[in-house]
Amino acid sequence: MTQKKRISHKKNNEVNLKVGLGARKVALEIVDSVLHQKISLDECLKNSYSRESNNGSILFDYRDRNFTRLLATTMLRRHGQLTKIVSNYLKKPLPNSGQYAQLILLLGAAQLIFLKGTPHSVIDTAVELCRMQHSSMRFAGLINAVLRRISERDPAHLLEQTNDFLNVPKWMLNRWITAYDKKTTREIVTASLKEAALDITVLGKSQELANRVNGIVLPTGSVRCYGCGRINELPGYTDGQWLIQDAAAALPARLLGKIAGRRVADICAAPGGKTAQLVSSNAHVTAIDISEKKLLRVRENLKRLRLSAASYIVADAAKWSSKTMFDAILLDAPCSATGTIRRHPDILHIKKLQDIDKLSRIQKAILENVALKLLRPNGILIYCTCSLEPEEGEEQIEMFLKSYKEFNRVPIYANEIAGLDECLTLKGDVRILPYHLQLSNPKLSGLDGFFISRLRKRGHYSS
C-alpha cells in the first residue's frame, strides 16, 4: 500500500512539473511573438489556446491558461525593470543566439520578484526550459546561477534599483510629460502597470449582479470585480444579462442622451459593447465596421445578449455614404489605445511613434465624413478614443471645430459621468486618465484612459 502511494505521489509530481513547464513554455512563446514579431497579445493568446486545445494539451485547463496569461503579461508590463535587474547579474549581455535564454531569465526574475514564486520551483523549471531548447542548452548553468543570486535578494531591494519609467518607451514617456507633466505622467505610468479589474455593463439590475459575483457597483453604474473566475461561468452570462466593458468605455453611449426610437450609427462598432448599449436603449442602430470578421463578432455578441434589432454594414467609415441621415452618431475612432495598457501591456512593445500621426489622419478622415455626410442638422455626435495622446483627442476636436463652423461643442457635465469632476476639461470634454477613480481597494481602482467630446451640428432638419 505504501509503495502504491509513493508511485502515485511521484506521478502527481511529474504531472505538476509538466503543467508548470507547459504554461511557462507557452508564455515564453507569446512574449517572444509580441517583442520580436509585434503580434498583439490577444492574438498570441488566441493562437496558443487554439493550438494547445487542438493538440489535447494540458493548457486546455482554464487555470493553466490563467497562469500562462499572468506570466506573459507580467513579463510585458515589467520588461524594462526585469531587463535592468537581470543585466546587473550578467558580466556581459547574452549574444543573439541567447535570445531565448534571455527570455527564460526574464521569466524567472518575474516569478521571483513580482509573482512571489517558490525559488527552487522557479529555478528548476527555468533550467528545464533551457534544456528543452537547442539554442539555449549551453546557458543552463548561467541561468541557474543568475536566478539563484536573484532569489537570495529581497525583491523590494532589487526594485529600489529600478523605476516604473523603465517599462515605458522613451518616446511615449516624453509625449506624456509634454502633454501633462512629470508628476501626472508618473501617476499614469504607475496606474497603467497594474492589472485591471473586470468591468461589467449590466443590462438589468447592477447591484443584483454585483452581489452574485462578489463585486461592487461603481458610481458610473458598471459592476467591478477582481479575481471573480471564468467569465463564461459567471452568473447571467449565458442568459445575456451583461457584457464585458471597461467603465470608461461604457460612458460615451450614455452621453448621447435619450435615443429611444431614433436612428443612431455606431461607427467602428467592433467588438460591440457600445452597439449593445445603444440597442438596449431602444434606438434604431446601424453598426458599421471596416472588418467583416469583427462585425460578425458584434452580431454574435448581440445574439448572446438577446439583442438582435440592429443593422450591420461592412464599410470604410472614412468613405461610406448613405441616403439615410442619422439623428446621432457614436464614433469610437481607431487609435493607438495607449489608455488601455492596464489590459493590453503589449501596447508598450508594438506601438511606434509614427503610429500616432498615421492614426490621427485616419481619425480626421472618418470624423469629417460621418459628421458632414451622415449626421443630420441638429444631430449629436460623440467622438471618443481610448488614447492618452492629444492628437487623437483634444487636438482632433479643436481642428475639426476650427474647420467646420456649423458644429459646436456640447459641454459634458459632472452629473452625466457620475460626478467624476477630475475627468472634465475646462472646455467640457472628458479626459480620463488611468489613475482616475481611486477607491479604498487599490485592486478595484482605476479606469482605461479615454477622451470623449460631444458635438452638435447646427441647422434645421425636417424628416
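**Cysteines, helix packing and loops**

Tutor: C225 is buried, with a relative accessible area of 1%. Please keep in mind that the model is predicted.

Student: Which residue does a disulfide join to C225?

Tutor: C228 is the partner of C225 in a disulfide, with an S to S distance of 2.4 Å.

Student: How many disulfides does a search of the whole structure find?

Tutor: The search finds one disulfide.

Student: Is C44 buried or exposed?

Tutor: C44 counts as buried, at 4% relative accessibility. C130 also counts as buried, with a relative accessibility of 0%.

Student: Let us turn to the helices. At what angle do helix 5 and helix 6 pack?

Tutor: Helix 5, residues 99-113, packs against helix 6, residues 119-132, at an angle of about 165°. Their axes are 10 Å apart. The two helices are therefore roughly antiparallel to each other, since an angle over 145 degrees counts as such. Their crossing is right-handed.

Student: Which residues make the contact?

Tutor: Helix 5 contributes Y100, I104, L107, G108, Q111 and L112, while helix 6 contributes P119, V122, A126, L129 and C130. By class, this contact has nine nonpolar residues, two polar residues and no charged residues.

Student: And how do the axes of helix 6 and helix 7 cross?

Tutor: The axes of helix 6 and helix 7, the latter spanning residues 140-151, cross at roughly 160° and come within 9 Å. Helix 6 is therefore roughly antiparallel to helix 7. This crossing, too, is right-handed.

Student: What residues make that contact?

Tutor: From helix 6 they are P119, I123, A126, V127, C130 and R131. From helix 7 they are A140, I143, N144, L147, R148 and S151. The contact of helix 6 with helix 7 divides into eight nonpolar, two polar and two charged residues.

Student: What lies in the loop between helix 5 and helix 6?

Tutor: K116 is found in that loop. Its phi is near 55°, a positive value in a residue other than glycine. Most residues other than glycine have a negative phi. K116 is exposed, with a relative accessible area of 60%.

Student: Where does N214 lie, and what is its phi?

Tutor: N214 lies in the loop between helix 11 (206-212) and strand 2 (216-217). Its phi is positive, about 60°, although N214 is not a glycine. At 70% relative accessibility, N214 counts as exposed.

Student: Changing topic to the backbone, is the peptide bond from A270 to P271 cis or trans?

Tutor: The bond from A270 to P271 is cis, with omega near 5°. Most peptide bonds are trans. P271 is located in the loop between strand 5 (263-267) and helix 13 (273-280).

Methods:
Residues numbered from 1 in each chain as written. Predicted model: local features only at pLDDT ≥ 70, side-chain atom pairs only at ≥ 80, totals over all residues. Heavy atoms only, no water. Axes fitted to C-alpha atoms, helices over the stretch in contact; angles between N-to-C directions. Helix = DSSP H or I, 4+ residues; strand = E, 2+ residues; numbered from the N terminus. Parallel < 35°, antiparallel > 145°, perpendicular 65-115°, else oblique. Left-handed = near helix turned anticlockwise from the far one by under 90°. Contact = heavy atoms within 4.5 Å. Nonpolar A, V, L, I, M, F, W, Y, C, P; charged D, E, K, R; others polar. Disulfide = S-S within 2.5 Å. Buried < 20%, exposed > 50% of the residue type's maximum accessible area, 1.4 Å probe, protein only.
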